[in-house]
Each structure stands twice: as structure tokens, then as C-alpha cells.
Amino acid sequence: MPELRFTLPDGQERRTEVHTLLNAGYAGRSQEDVAAHVAELAELGVPAPSVIPALYPVAPYLASQADEVPVQHERTSGEAEWAIVITGPEPEDVLLTAACDHTDRALEAHGVAWSKNAGPDVLAAKAWRLVDVQDRLDDLTLSAWAGETLIQQGKLAELLPPSYWLDVLRERDLYTPGTVLISGTIPMVHGVDQFADAWRVELGDPATGETIELAYSVRRLPEPIG
């Protein structure tokens, strides 16, 4: 199982071995935003989901804090998301950080769950305790850049809150140390090219000016033989 390490604002470090990795999908609070995301994916050939919101189990070894993502072709891209990471039994053991679900868009047209398991979920190296930002969660900002182009920008108020997903985890007996859940994403800026050789995601707290960032490059693998 991969071990993730997070530095907290007070300098403490939290580590956890990931045994359960989950990706939420179509998780906007606004039905208009969800419809917009469904339309974005439809342009890529992805069929509409049968249930909203969706939740996709992902192989735990795909949880990563890498600065490079190898890909097999040019039609892969990330998404701006937050992640909750459970590191212990107490409320202060639930961490909030930035994440980017790097997805194989070509494979996604054949199955969303398959595509989620074809690329890593990249998480930032810094995190906040969820309880420390709980009172202003909706005001936290989420942004993403594909290369140098701003491709997503919004607030956590646009997505189902962590409390919703924590209740889901409790109902499924998955509220345990080593569980990581990634939030689903906000709509992309219309008309931008999401396919790039680098991705960056920022989770921001306007009340303090603090940010959590992750960034990685995308490297095309050599052509196969055979």
C-alpha cells in the first residue's frame, strides 16, 4: 500500500497507508453544474451516469504525490479536486488537501470506472485539518491550470461538502485510517484545451491567504513494440 505524507500548518507531519481510494463523480450541488460537466464529458464521448452522485473505487496504489505522470497517449487530463484523508479515529485526524484525478479520456468513453483506474490520483504534500477550516469550507477556492492556461476556477460551495461524503463512508464502514476520498470536480472554462503537458491545482483559503498546491508534468511513454 502506498504511504502518503502530509505537512500540516503547525509543522506536524501525518502519514497514512492508503487501503481505500475513492473518486466521487458528478458531485456538484447545482444540477446546472452537474449537467454542464455531463455535457463536457459527452463531447469526449463519455455516456451520462446512471446515478448522481457517483462513487468509483480506485486501486489504492494509484494514490500518489508524484511530480510526474507517465501516460500512453495525448488524450489524458486532470481535474481540480479536494481530497479528504482519514489518518485516525478522531475528527482532527481527517485532513483536507488538494488533488488532481488524472484520467484517460479515451478509455473514459468505454467506462468511467476503467478510466479512473488507468491514471493516478495526485495529492498535494500539504494539508489542513478539516476541523480547522470547517466553518468556512464553502469559501475555500479551487483552481486548476493545464499548462499555463487557467482551466477551472470556483469555490468548494459548488461541490457536495466533505460532511456528505464522511456520512457515506460511515454508512459503508469505510471511515477508517487509510481511506482517501476525492471530491469530484467543478466545470471547466468553456472552449479551453484540457490536454497539456503539465497540470497544477490550488486549494485556497481567502480568510488566511494560505494555499495548498500540487503540480506535475505529463510524460508520454515510448511507443509499444508488438
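Is Asp-173 buried or exposed? In this predicted model, where local features need pLDDT of at least 70, side-chain atom pairs count only at pLDDT 80 or more, and totals for chains, interfaces and linings use all residues, residues are numbered from 1 along each chain as its sequence is written. Side-chain values use heavy atoms, with hydrogens and water left out.

Asp-173 counts as exposed because its relative accessibility is 66%, given that buried means under 20% relative accessible area, exposed over 50%, and partly exposed in between, with a 1.4 Å probe and protein chains only. The residue lies in the loop between helix H5 (162-171) and strand E15 (179-182), where helices (H or I, at least four residues) and strands (E, at least two) are DSSP runs numbered from the N terminus. Most residues other than glycine have a negative phi. Asp-173, although not a glycine, has a positive phi of about 55 degrees. Tyr-26 is likewise not a glycine and has a positive phi of about 55 degrees, but Tyr-26 is located in the loop between strand E3 (20-25) and helix H1 (31-43) and, at 6% relative accessibility, counts as buried.

A further loop, between strand E16 (198-205) and strand E17 (210-220), holds Thr-208, which counts as partly exposed at 44% relative accessibility. The C-alpha atom of Thr-208 is separated by 52 Å from that of Ile-225, 17 residues apart along the chain.

Contact means heavy atoms within 4.5 Å, and, leaving aside neighbours within four places in sequence, Ser-64 is in contact with Leu-4, Pro-120, Asp-121, Val-122 and Leu-123.

The aromatic side chains come next. Rings of Phe, Tyr and Trp (its six-membered ring) pair if their centres lie within 6.5 Å, with planes under 30 degrees apart counted as stacked, over 60 as edge-to-face and the rest as tilted; by this rule the count comes to 1 aromatic pair. That pair is formed by Tyr-164 and Trp-165, and it is edge-to-face, at 4.9 Å centre to centre with 90 degrees between the planes. Tyr-164 counts as partly exposed at 33% relative accessibility, whereas Trp-165 counts as buried at 2%. Elsewhere, Arg-200 lies over the face of Trp-145, at 3.8 Å from the ring centre, where a charge sits over a ring if NZ of Lys or CZ of Arg is within 6 Å of the ring centre and within 35 degrees of the ring normal.

Pockets complete the picture. On a 1 Å grid over the protein atoms alone, a pocket is an open set of points with protein on both sides within 12 Å along at least five of seven lines, and lining residues have an atom within 4 Å of a point. The largest pocket is lined by 12 residues, of which Glu-40, Glu-43, His-190, Gly-191 and Val-192 lie nearest its centre. The second largest pocket is lined by 16 residues, and Pro-70, Val-71, Ala-118, Gly-119 and Pro-120 lie nearest its centre. Strand E6 (68-71) and strand E10 (103-104) each supply at least two residues of the lining of the second largest pocket, and E6 gives the most, with 4 residues.

How values were computed: On a 1 Å grid over the protein atoms alone, a cavity is a set of points where a 1.4 Å probe fits but cannot get out, and a pocket is an open set with protein on both sides within 12 Å along at least five of seven lines; lining residues have an atom within 4 Å of a point.
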